[in-house]
Every structure is written in C-alpha cells, then in structure tokens.
Amino acid sequence: MIHAESAEQHAAGGLAIETFHLTRRFGAFTAVDRVNLVVPYGGIFGLLGPNGAGKSTLIKMLTTLMKPSDGTARVAGFDIVQAPAEIRKRIGYVPQLLSADGALTGIENLTLSARLYSIPRAELKPRVAEALRYMGLTDSARLLVKKYSGGMIRRLELAQAMLHRPAILFLDEPTIGLDPVACMSVWDRLRALNQEHGMTILMTTHVMDEVDELCDTVAILHEGRLAACASPAQLKHAVGDDATMTDVFAYFSGGSIEDGGGYREVRQTRMTAKRLG
Amino acid sequence: MIAPLDFLAKSLAIAQVELRKLLRDPTELVSRAVQPVLWLAVFGQVFSKVRGIPTGNIGYLAFLTPGILAQSVLFAAIFYGIAVIWERDLGVIHKLLVSPSPRGALVFGKAIAAGFRGLLQAVIIYVIAFAMHIPLRTEPAAVFGVLAAVVLGAAVFSTFSLIIACIVKTRERFMGVGQLLTMPLFFASNAIYPLSLMPEWLRAVARANPLTYLVDALRMLMIEGGQGAHGLVMNFTVLGAVFVVFVVVAARLYPTLIE
C-alpha cells in the first residue's frame with residue numbers, strides 16, 4: 001500500500017491539489033498542456049482563463065470525470081488515475097450546468113445525494129435539515145425545484161455538495177446567469193463554507209468581482225498552459241500600479257475575454273444562464 | 001458498507017427518484033395505453049378472421065395478447081435513454097458521476113424504475129384483455145411469472161436504450177435511432193406471428209432478438225393453453241444474461257456521456 005502511505009503524507013503536508021505535468025488532448029488539440037499546479041488546504045482558489053483555455057477540462061480531470069492523456073494529479077491526497085473512488089468520497093462538485101433535478105423537491109434532491117454518498121440512515125435527516133437551514137432553504141424544502149429562483153437553485157446545489165462534508169469543493173462558474181443579489185448570497189455562503197467548515201474551494205470564473213471578493217489565490221490558464229499563479233494583489237502589482245483584475249486577466253491571457261470558445265461552449269453557457277435567470 | 005449491499009442501496013436510491021417523477025406526472029402512462037387498445041381491438045379483431053396463421057390450440061387474439069404486452073414494454077423502454085440525454089444536457093449526470101456510486105448502480109437503478117413502468121403497462125393490458133374475454137391464466141404463480149418477465153424485459157430494453165444514448169449523445173440522433181430500431185425489433189420477433197411462418201433468414205434474426213424470448217415466456221404464462229417454443233428456463237436465462245451484459249456495457253459507457 002505504498003500509494004496510501006504517500007497519500008497520507010501528502011495530506012499531512014497540507015496540499016489539497018497537486019498536479020504533475022497534467023495534460024489532456026482531444027485528437028490533435030491539447031486542451032490542458034503540462035500544467036503543474038499546487039493548491040494548499042484552506043483557501044479559495046480561483047481558476048481563470050478565456051473560453052477554451054482548458055478550465056473545464058482541468059476541473060473534469062481533478063474531479064475524476066475525465067482521465068488525463070498524460071501526467072497526473074493528487075487530489076485530497078489520492079492519485080486521480082490510481083484512486084478515483086477515494087477522491088470521490090472526499091470532494092464535492094457543483095457543475096456549471098444545472099445539476100439539481102427540477103422535477104424533484106429540494107428535500108428529495110438532497111436525500112438522493114445523501115444516499116449516493118452513503119450517509120447513514122440515522123444521520124440522513126438531521127444532515128439534510130442542517131444543509132437546508134445553512135443555505136436558507138428550509139421554507140422551500142418541499143417545493144419542486146423548477147419553481148426555485150436561480151439563486152435558490154445554486155444554494156440547493158451547494159447544500160447537496162456540503163452534505164458529505166467534503167474536504168475540497170469544486171465549482172465551475174458558480175454565479176453564471178445570476179442577478180447581483182443572488183450572486184452576493186452565493187458568495188456569502190461560499191465564504192461561510194470556507195471559513196466555518198474549513199472547506200478548500202477551487203472555482204472557475206469569468207467574473208473579476210468574484211475574484212476580488214473571494215479568491216486568495218488565482219491561477220490563469222491560457223491555451224491550456226498555466227500563465228500565472230499568485231495572490232490577486234501580487235498579480236495586480238506585477239502588471240502595474242493601479243491594475244485591476246481585468247487588466248491582470250488581459251495581460252496574462254494575451255488578449256480579450258472574448259477570445260476562443262466553441263459554439264458548443266457558448267450554447268451551454270447561454271442555456272445555463274437562461275435556466276437560472 | 002459491503003459492496004453488494006452498497007450497490008443495491010444506491011440502485012434503489014436512483015430507482016426511487018425515477019418512480020417518484022413518473023408518478024408525479026403519469027401522462028405518459030395514460031398515453032401509452034392507447035396503442036395496445038388499437039392493436040388488440042382493431043388489428044387483432046380483423047386478423048383473428050384470417051385462418052392461415054397457425055396459433056396452436058388458442059385463438060389469434062389470445063396468441064396476439066402477450067405479443068402486444070411485450071410490444072408496449074419494448075416501445076416504452078426503447079425511448080427511456082432520452083431521459084439520460086436530458087440529464088446530460090442539464091448537468092445531473094456530472095453530479096452523479098462525481099459521487100462515489102458504482103456506475104453499474106446508476107444504470108441498474110434506472111433499469112429497476114423502467115421495470116416498474118413495465119408493471120403498470122402489464123396492468124393496462126390485463127384490463128384490456130379481460131374486457132375482450134381473452135382466456136387468461138389467473139393462478140398467482142402464472143401472474144407472478146408474467147410480472148417477472150415484464151420487469152426483466154423492460155430492464156433489458158431500457159438498458160439497451162441507455163447504451164444507445166451513451167453512443168449518440170444528442171436528442172435528435174437518439175430519436176432517429178430509436179424510431180429506426182423499434183419496428184424491426186417488433187416485426188423480427190414472434191409477437192404477432194409464430195416463428196414457423198417466417199422465412200429462414202428472418203427466423204434467424206428473430207432467434208437473436210431478446211423480444212422473441214420475452215414474448216415466448218409471456219405466451220406460456222399469460223394465456224390459458226398458451227404454448228412456447230423455448231421453455232421458461234431458456235427464456236428467462238436468455239433475458240437475464242442479455243440484461244447482465246447490457247448493464248456491464250452501459251456502466252462502461254456511462255462516463256463517456258459527459259465528454
């Protein structure tokens with residue numbers, strides 16, 4: 001069990017995520033190109049980059065949804081290729097797309113998650129109730145999710161993702177399509193999960209306010225490669241005296257936010273935005 | 001938790017939400033009751049006047065009834081995969097696949113739910129057949145056998161449908177393939193005429209068609225005096241084996257849905 005031992009050593013060393021030349025190719029196209037990334041436990045880590053920079057592919061590999069073509073990574077102390085099942089028990093994931101089932105009530109969605117994560121029967125009800133309360137959804141627990149607002153759905157998804165008390169929470173554009181008030185409520189809850197529950201958070205985003213608001217470390221991906229990785233303050237300082245996050249983004253991604261992104265990606269983003277809006 | 005128990009617990013969790021959704025909106029069940037009525041009351045009534053179809057010692061309507069039950073199970077199950085494509089477009093599949101559930105349990109749970117839908121269809125066909133005075137077997141063991149065959153048949157074809165969904169990945173292509181498959185599966189079986197009437201090549205196809213084994217089992221278990229060509233043990237063994245193979249294949253293909 002050499003793997004398990006070294007896994008625990010890594011966990012003790014305090015690294016939530018560590019990637020080693022992580023690479024994913026689709027045919028001739030390299031979506032993620034030899035990325036070496038280190039994410040310590042305890043913070044909120046932002047993953048930025050223009051559409052098509054490889055953010056979603058990177059997150060899919062780290063959450064064990066996709067296998068790397070080359071290289072590997074350790075997540076929560078386990079290797080994504082060797083021990084994906086161990087990782088799945090220790091992480092939570094809120095995809096960019098809508099993952100709550102609209103034909104079920106809030107409580108039914110949560111109960112399904114709890115059962116899929118093997119939460120014992122005796123603990124199931126209190127944990128579901130606690131997650132609902134924490135996300136401010138107790139009053140709408142028995143309502144069908146298709147009647148929820150966009151912000152409520154995102155908070156329900158956060159409730160689902162916190163049920164099994166994961167060490168690391170992955171979010172793919174958590175506030176896409178939400179109005180400013182709903183955004184703030186999601187930010188507030190993410191901060192609470194990080195500070196009160198000690199969850200390490202890794203999120204992709206296009207919203208520079210979100211980075212300023214939440215992230216203590218930021219990595220910028222450009223054409224599959226890691227272009228920069230530091231705190232927002234350090235990055236701003238490196239770019240210029242009164243640089244904003246938008247300037248930082250433009251500087252390291254070599255152009256505008258509009259660059260790249262295929263038809264499918266744009267379509268998916270719009271669909272998500274429409275459903276949440 | 002012990003692996004098989006864990007597998008079963010998670011399958012049941014999936015099956016339960018599927019059923020809850022079905023019972024919340026049963027429109028589909030009602031609309032699916034229309035087609036069997038047409039087949040039995042119109043097609044069956046006319047064809048029972050044709051004396052050229054050798055149906056053994058039972059009338060044509062009695063011969064046809066198990067075939068129509070199998071057909072309604074097939075037609076409902078073969079489009080089951082569309083729900084998975086829908087879940088894929090939403091992002092539900094992403095969340096299920098990141099959870100520590102065995103992929104097989106995600107597939108098996110859906111098959112259980114499809115089996116339950118099949119049971120409701122069996123109830124509908126029993127009601128129609130009873131109203132048309134078709135000689136039905138009513139011993140509990142026979143009725144139980146019919147229900148078991150229906151659940152297994154629905155599980156087989158719904159899992160087949162999941163496999164197609166995993167391969168084609170879009171709704172448009174899925175509907176096309178689904179339409180393309182239903183009629184050949186139906187006609188290349190013993191559902192509305194016996195194997196003995198078929199040309200050799202068609203009989204070979206029908207023998208490779210799981211629907212044939214479902215119809216054969218139903219004909220023996222459902223109809224007073226009904227006879228099968230293969231025997232119950234063989235029918236159930238074939239359906240069971242095909243189901244296991246389909247679940248294994250679907251579980252392997254499931255993660256490719258999100259790529």
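Mentor: Helices and strands here are DSSP runs, a helix having at least four residues and a strand at least two, each numbered from the N terminus. Please keep in mind that this is a predicted model.

Trainee: How many helices and strands are there in chain A?

Mentor: Counting such runs along chain A gives both kinds of element. The totals are 11 helices and 11 strands.

Trainee: What percentage of the residues in chain A is buried?

Mentor: A residue is counted as buried if 20 or more other C-beta atoms lie within 10 Å of its own. Chain A has 277 residues, and the buried share of them is 48%.

Trainee: Which helix of chain B gives the most to the side that touches chain A?

Mentor: In the contact between the two chains, 21 residues of chain B meet 21 residues of chain A. On the chain B side, helix 1 (3–24) and helix 6 (92–98) each supply at least two residues. The one that gives the most, with 8 residues, is helix 1.

Trainee: Are helix 4 and helix 9 of chain B roughly parallel or roughly antiparallel?

Mentor: The axes of helix 4 (residues 60–78) and helix 9 (residues 171–187) of chain B come within 10 Å and cross at roughly 160°. Angles over 145 degrees count as roughly antiparallel. Therefore helix 4 of chain B is, relative to helix 9 of chain B, roughly antiparallel.

Trainee: How many residues of that contact between helix 4 and helix 9 of chain B are nonpolar?

Mentor: Helix 4 of chain B contributes residues including B:Leu74 and B:Phe75, while helix 9 of chain B contributes, among them, B:Leu181 and B:Thr182. By class, the contact has no charged residues and 3 polar ones, and the nonpolar residues number 6.

Definitions and conventions: Residues are numbered from 1 along each chain as its sequence is written. Chains are lettered from A and ligands numbered from 1 in the order in which they are written. This is a predicted model: local features need pLDDT of at least 70, side-chain atom pairs count only at pLDDT 80 or more; totals for chains, interfaces and linings use all residues. Axes are lines fitted to C-alpha atoms, for helices over the stretch in contact, and angles run from 0 to 180 degrees between N-to-C directions. Angles under 35 degrees count as roughly parallel, over 145 as roughly antiparallel, 65 to 115 as roughly perpendicular and the rest as oblique. Two residues are in contact if their C-beta atoms, placed from the backbone, lie within 7 Å. Ala, Val, Leu, Ile, Met, Phe, Trp, Tyr, Cys and Pro count as nonpolar, Asp, Glu, Lys and Arg as charged, and the others, Gly among them, as polar. A residue is buried if 20 or more other C-beta atoms lie within 10 Å of its own, exposed if 12 or fewer, and partly exposed in between; C-beta atoms are placed from the backbone.
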